[in-house]
Amino acid sequence: MIPKVYREVIDLGDGREISIETGKLAKQAHGSVVVQSGKCMLLCTVVSNYKQSPVDFLPLTVDYREKFAAAGRYPGGFFKREARPSDGEVLTMRLVDRVLRPLFPKDYHSETQVMIQLMSHDEDVMPDAMAGLAASAAIQLSDFPFECPISEARVGRVNGEFVINPTRAQLLESDLDMMIGASADSVMMVEGEMDEISEEEMADAIKFAHEAIKVQCAAQVKLAEAFGKKEVREYEGEREEEDLAKKIHDMAYDKVYAIAKAGSSKHERSAAFEEIKEEIKATFTEEELEDFGDLVSKYYRKAEKAAIRDLTLNEGLRLDGRKTDEIRPIWCEVDYLPSTHGSSIFTRGETQALATVTLGTSRDSNQIDMPSHEGEERFYLHYNFPPFCTGEARPIRGTSRREVGHGNLAQRALKGMIPEDCPYTVRVVSEVLESNGSSSMATVCSGTMALMDAGVQMIKPVSGIAMGLISDAESGKYAVLSDILGDEDHLGDMDFKVTGTADGITACQMDIKVKGLSYEILVNALKQARDGRLHILEKLTDTIAAPAADVKPHSPKMITRRIPNEFIGALIGPGGKVIQEMQKETGTTIVINEDPVTEEGIVEILGVGSEGIDAVTAKIDAILFKPTVGSVYEVKVVKMLDFGAVVEYMDAPGNEVLLHVSELAWERTENVSDVVNMGDVMDVKYFGIDPRTRKEKVSRKALLPRPPRPEGSKSRDDKPRGDRKPRNNDKKED
């Protein structure tokens, strides 16, 4: 039986559209859709178990995968099968998860899985911009308890005009690349990179994307209505005891408020809050704790959160005693590690990041191999968050999604300030050694200083700050918090990270937890972030004012040379013999790439000592050397033969030519050694290719004065033509 297909179309303008379709594929899933734009097709399925999980959180898994078959390609590796997700796929998973998770009820704990797969790829469509739409549309067709439809859209700006879901080619011309996630009523997530734009421009981009998202949310509602919206499933929610909640609130609120107002370190207040909770538990019998012990902890956390928020809204004070716009003490240091190419320490309060920089050739670039994108990164940043940085002991099972996401944010913050003519591949690694407040922003700051310490000529230094927001809808009060603590991240209504130079924003990441946040509050928060960012930037430039003039003595030096493509083979040699011998003899690394635009070879020469680099450049000069007809060159005898001497151009070692015995002197030369010997240096004149021998011709005698002829003698040309013996090619007269 032919399945009935339901379809909605969203007009993006410029002849582009997105369609949402259901009813044909994966019908045993609780919800499934195919989202298509051009030839790009995403299949999204959602399933949620009907039995509640015993955990006290939503076990939601968002999985995004790109199938190589979608682009008509084979996966790499021995097994030729898709394996662990790439960083690009992980970043898309995080973007979708951050928007979906807050819209499930807090007491819904069923195992839930959202799977999004790229099934067909289009070079002109970036699939990650449609992943959020696909996930939400599939959920709308299910019976999940989910607050409202959402969607995500990418916004770029080309020639001053905003563009929704730009192509990768358009992004190359765009001065911003932002992904916005929102419902029809509220913006919920923002992440992106920019070319030093203002706070107002960033808000305008968010507004533009939100208008497009409203249309996408309406299309999901229409599709669900046409398909037949299912009744929301019933589930066993968390137990609630209002009287118990009020009792615990009354017991805890004032005590928590007093401790929070005192201002103390993380460990001190954590111990004090734990003591209050234990005192409250002690007022209940063992039987009561067995019956509702979990509720006691839950209601205590609510009372603690309320007290801390009220302290900030009422008195403008925070957990550690700071005012809302105050930054924690900062100290910095550069050149801490003696053997790295660059290093720095950035410490802000109880957060510390140690950054290192490594310089290499294009061979060290980060290779991107995804069905939707192939390329390489000449600047990349890795972020490590070990458990000891928060005083914990837990298993380490590879790089976490969080580490990938935080590292990507810091990389996007810095990459625009790496000059295009930087000859190196640059890798920054951030080791987070302490964490209480944004370690990703500490990574941006330490990364900036380490790059300058390494001698990377950054266009401008970059700093970053994590901000928070506490608001009360009833009273209309709100407080924007600069440089938030880890605890403030959890209890606030918005947390956002902003990075930039003194002249504008370079990257941001924002999660908004309240509905209907006004753009006025958003812009005010961004402006307060700018003040904090500039304060931190001053601390960085006090430590290192400008990039080091040169790389460190033990760091590799690099130069690049461009050579015509026809000389690449000569430089490599048969089987790579020439280039391998050069690298061995000079202690350098030589990498050759071809530029398809200019049809030239780009030669990268990397070495610690300048002697080795100079030797390689001399060899390249020799290979490229082309003598000019009529010019005079200094040469050296390198080989003696019976019929001449092999000479080497002094300006091009290794470039040799035969100086024939007949060109040594005007007089007849019986033995070559009568005129020149091994090692002799002389001048010769270059005549180009001799048409008779078809070999290059140089002459020593051409630069010597011609001896006078004996008196009365005649040259061959002086003889009458009739006296000459006819040659084979002379024409005979009839």
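Residues are numbered from 1 along each chain as its sequence is written. In this predicted model, local features need pLDDT of at least 70 and side-chain atom pairs count only at pLDDT 80 or more, while totals for chains, interfaces and linings use all residues; side-chain values use heavy atoms, with hydrogens and water left out.

Helices (H or I, at least four residues) and strands (E, at least two) are DSSP runs, numbered from the N terminus. Eight strands make up an open sheet with antiparallel pairing, in the order β8-β7-β9-β10-β21-β20-β18-β19; two strands pair if DSSP finds at least two bridges between them. The edges are taken by β8 (161–164) and β19 (478–482), each with a single partner strand, so one side of each has no neighbour in the sheet. From one strand to the next the twist averages 20°, where axes are lines fitted to C-alpha atoms, for helices over the stretch in contact, and angles run from 0 to 180 degrees between N-to-C directions.

Helix α4 (residues 199–227) lies across β7, β8, β9 (176–183), β10 (187–197) and β21 (504–512), and runs at about 45° to β9. Helix α8 (residues 401–415) packs on the sheet and touches β9, β10, β20 (494–501) and β21; the direction of α8 makes about 155° with that of β21.

A second open sheet, of five strands, has the order β27-β26-β25-β28-β29 and antiparallel pairing. Here β27 (656–660) and β29 (695–699) are the edge strands; each has a single partner strand, so one side of each is left without a neighbour in the sheet. Neighbouring strands of this sheet are turned by 50° against each other on average, direction ignored.

Strand β28 (residues 681–690) pairs with β29 in the antiparallel sense over five bridges.

Glu648 belongs to strand β26 (residues 644–649). Glu648 is buried (under 20% relative accessible area, with exposed over 50% and partly exposed in between; 1.4 Å probe, protein chains only). This residue has no salt bridge, and the nearest side chain of opposite charge, Lys636, is 6.1 Å away. A salt bridge is a side-chain nitrogen of Lys or Arg within 4 Å of a carboxyl oxygen of Asp or Glu; Lys and Arg count as positive and Asp and Glu as negative, while His and the chain ends are not counted. Beyond four places away in sequence, Glu648 touches residues including Glu634, Lys636, Pro653 and Glu656.

His30 lies in the loop between β2 (16–22) and β3 (31–37). His30 is buried, with a relative accessible area of 18%. Residues touched by His30, not counting those up to four places away in sequence, include Val46, Tyr50, Phe144 and Arg233.

Eleven of the 14 residues of helix α1 are buried, so α1 is largely enclosed by the rest of the structure. Among the buried residues of α1 are Glu89, Arg94, Asp97 and Arg98.

How values were computed:
Contact means heavy atoms within 4.5 Å.
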